[in-house]
Amino acid sequence: WHFRESPEDLILNAFYLPYESTATLADRFDLILPPMVGDDETGMLITELPLDLKMKLGRTLAIPQDIPYLAFRSEHALAVRELSQVFLEARHLYELFRTAILIRDHVNRSIYLAALYHAFYERKDLNPGDLPPLETLLPDRFVPADVINKAKKLAKSAILHKERVKTEISVHWHINETGIGTRSPEHRVAYWREDMHLNNMHWHWHLSNPYNIEPGKRDRRGELFYYMHHNLVARYNMERLSVNLRPVVPFEDWHLSLLDGYFPHITTGNGYDWADRQDNTFFKDVREIPLNQSSHVSQLEMWRTHLYHAIDVGYMVNENGSYVRLTDNPKIGEAFGINLLGESVEAGASVNPFLYGNLHNLGHDLISQSHDPAKRHHTQMGVMGAVETAVRDPAFFRWHKFIDNLFLRYKMTQPSYTARQLAGVMEIEEVIVMEEGWKGQTPDLLHTFFTNSTFDSSRGIDFQRKRNDDITVLIKADVLDHLEFNYRIRIRNPTSEIKLSKLRIFLAPKFNEDGERLNFASLLHYWTEMDVFETDEIMPGTEHIYRHSNQSSILSNYRARGVNTAFAYSACSWPRNLQLPRGTPDGMIFHLFVMASDVDDSSETHATRRRGTPGSFCGRPDGKYPDKWPMGFPLDRKSSHETIEAFVAEHPNMMLKDIVIKHVSDRDSIGSQPHEERSDCLLFTC
Ligand code: CUO
């Protein structure tokens with residue numbers, strides 16, 4: 001079994017055409033296969049799974065082949081772990097490829113893909129930055145079925161007449177082609193929930209930070225679960241305010257219905273139909289046979305009560321009955337309370353699974369089955385059951401706002417940061433945000449618009465393209481985007497020494513849905529990280545710091561294979577196109593908070609801390625989380641101040657700015673209307 005390609009190129013083939021047999025894959029990509037055998041049932045040629053692999057893959061082989069990877073179910077998560085372990089044991093990349101090809105025909109393909117992705121995060125000889133984006137492998141998880149069908153029809157025709165037609169086919173996925181129709185107000189934010197880069201990010205986050213990973217293998221994993229999802233919900237609410245919708249209502253009274261249904265209009269390439277959910281569906285017990293494997297809403301209520309009790313009394317109870325203090329000011333050797341809570345809520349490495357249960361994961365599962373809880377209709381799961389599709393459902397945000405509020409309840413038990421904790425040596429004198437890409441920019445005014453994002457779908461869908469057919473099948477999606485911008489920060493170092501500083505930049509709306517100013521407590525629901533980074537050395541006196549928006553800590557700085565040798569993620573980062581909330585046509589006013597905090601951590605060198613992607617939302621498989629403070633610091637706790645202005649006024653190392661985000665129909669119309677000077681005014685009225 002010899003190979004012509006480099007192992008890094010070869011291994012990518014193992015991801016392609018996930019719905020097709022390995023024989024078809026080999027034919028399309030000119031791969032050399034081991035001897036094949038006829039399948040007992042169908043006669044189709046398949047690989048032969050060696051006995052030793054069969055023995056290692058008991059859990060994986062038990063999962064039915066044609067269903068999605070239901071990540072919130074432990075038997076699926078354990079299967080991914082089992083299979084990725086086999087991939088990790090391969091001694092070199094050629095062996096990894098051989099193993100993957102031998103296994104491929106015999107296991108659930110979504111679980112196979114998830115395990116391959118996970119192997120890329122874990123193996124030192126592979127770079128996660130080289131991973132193919134999931135939308136190129138499973139376009140049908142993101143793109144409506146009728147758009148996919150159109151692409152298939154055009155591709156077949158082009159292959160048939162390839163001397164006469166152009167070899168690049170492009171199918172447009174329009175902004176209104178979403179799961180929710182224009183008669184529902186929820187349609188206004190459907191473009192955001194169904195953004196393929198956002199759903200892709202969610203898949204990567206859960207694969208990189210699985211809840212069943214060996215405890216300790218991901219630094220502060222439970223806290224990261226809280227923090228990334230907190231930002232996801234906060235940003236969703238900013239998007240809702242931008243289109244005149246009220247913030248999402250947490251789903252916490254489980255005796256009331258979920259209100260909004262969801263009909264996803266996506267179908268997987270092997271015919272799996274995600275279930276529809278009618279409006280006003282209830283969260284119900286799911287009856288299994290045998291009955292003792294059923295799931296009950298009352299079980300969730302009990303776990304929630306235990307978690308609220310733990311938060312309110314300030315400790316959790318271990319399995320052996322001892323107490324674990326919940327505090328985010330831990331002593332040496334003590335865990336962060338938010339991390340313990342995150343692990344117990346999701347649930348991952350819980351201190352006591354019996355007492356605190358599996359609240360978050362089971363909630364996903366119950367919502368994904370709420371259309372047919374008694375299983376009378378042979379329906380499939382709803383999209384809430386899988387990580388690559390859950391975010392498109394309005395119920396995702398209702399569920400996650402409930403989860404976020406649980407964490408906020410804990411955060412409110414923590415003492416306010418002291419003046420000393422908030423202080424910093426540096427003084428911020430001025431902050432300006434400046435857009436790039438056109439002449440005539442106005443300071444602190446940014447623009448968003450819709451544009452196209454295009455990807456090649458022909459490595460995911462088999463268009464019956466032979467290896468010599470030079471046909472590309474592009475899917476062109478309408479997505480929100482913005483012009484890039486930079487921060488210009490004038491900072492003063494009042495000491496006589498050269499210093500480093502860490503800058504923390506957060507964004508939140510200034511007004512609520514009723515046009516009232518948000519006070520300090522209400523803003524805690526909204527603050528979202530824009531960038532947290534360490535500066536270069538700052539000389540005594542005044543200096544200017546320039547920071548480009550595409551350097552942000554929430555994005556990946558990965559560019560191309562081999563260019564960045566440090567840890568880099570191509571997809572486990574916030575989508576670049578959604579870096580800014582949409583804003584309004586008239587211009588929506590946001591707070592931009594900037595803080596310069598001291599760098600006093602001597603455990604790592606400056607160079608080590610600055611290398612590669614910081615990974616604020618995704619964490620770092622290769623080391624410690626890149627900040628020592630609680631995630632969201634300093635805007636994650638209550639304050640004695642009523643307003644953010646009063647909070648900032650006490651600290652010369654902080655600054656608060658108004659910035660305006662204006663939404664225009666397209667990029668070309670930026671600058672066509674003069675920007676009027678404005679003072680504070682109500683949302684939607686200025
Ligand atoms: Cu990411 Cu509920 O955790 O979806």
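Modeller: A nonpolar core is a set of buried Ala, Val, Leu, Ile, Met, Phe, Trp, Tyr and Cys residues joined through side-chain atoms within 4.5 Å. Buried means under 20% relative accessible area, exposed over 50%, partly exposed in between (1.4 Å probe, protein chains only). This is a predicted model, where local features need pLDDT of at least 70, side-chain atom pairs count only at pLDDT 80 or more, and totals for chains, interfaces and linings use all residues. Residues are numbered from 1 along each chain as its sequence is written, and side-chain values use heavy atoms, with hydrogens and water left out.

Colleague: Which residues have the most contacts inside the largest nonpolar core?

Modeller: Trp-399, Trp-574 and Phe-593 do, in a core of 111 residues. Domain 2 (185–411) and domain 3 (419–438 + 483–669) both give residues to this core, so it lies between them. Apart from it lies another core, of 73 residues, Leu-96 and Phe-463 among them.

Colleague: What makes Phe-593 a contact partner of Trp-527?

Modeller: Contact means heavy atoms within 4.5 Å. Phe-593 meets that with Trp-527, and also with residues including Phe-506, Pro-634 and Met-655, leaving aside neighbours within four places in sequence.

Colleague: How many residues of domain 2 and domain 3 are in contact?

Modeller: 39 residues of domain 2 touch 49 of domain 3 by that contact rule. Their centres, taken over C-alpha atoms, are 27 Å apart. The domain bounds come from an automatic or database domain assignment, which also gives domain 1 (7–126).

Colleague: What makes a residue part of the lining?

Modeller: A lining residue has an atom within 4 Å of a point. The largest pocket has 35 of them, and Arg-73, Glu-75, Glu-288, Asp-365 and Gln-369 are the closest to its centre. Domain 1 and domain 2 each supply at least three lining residues.

Colleague: Which helix gives the largest share of that lining?

Modeller: α5, with five residues. Helices (H or I, at least four residues) and strands (E, at least two) are DSSP runs, numbered from the N terminus. α5 covers 74–89.

How values were computed: 1 Å grid on protein atoms, 1.4 Å probe; cavity = no way out; pocket = protein on both sides within 12 Å on 5 of 7 lines; lining within 4 Å.
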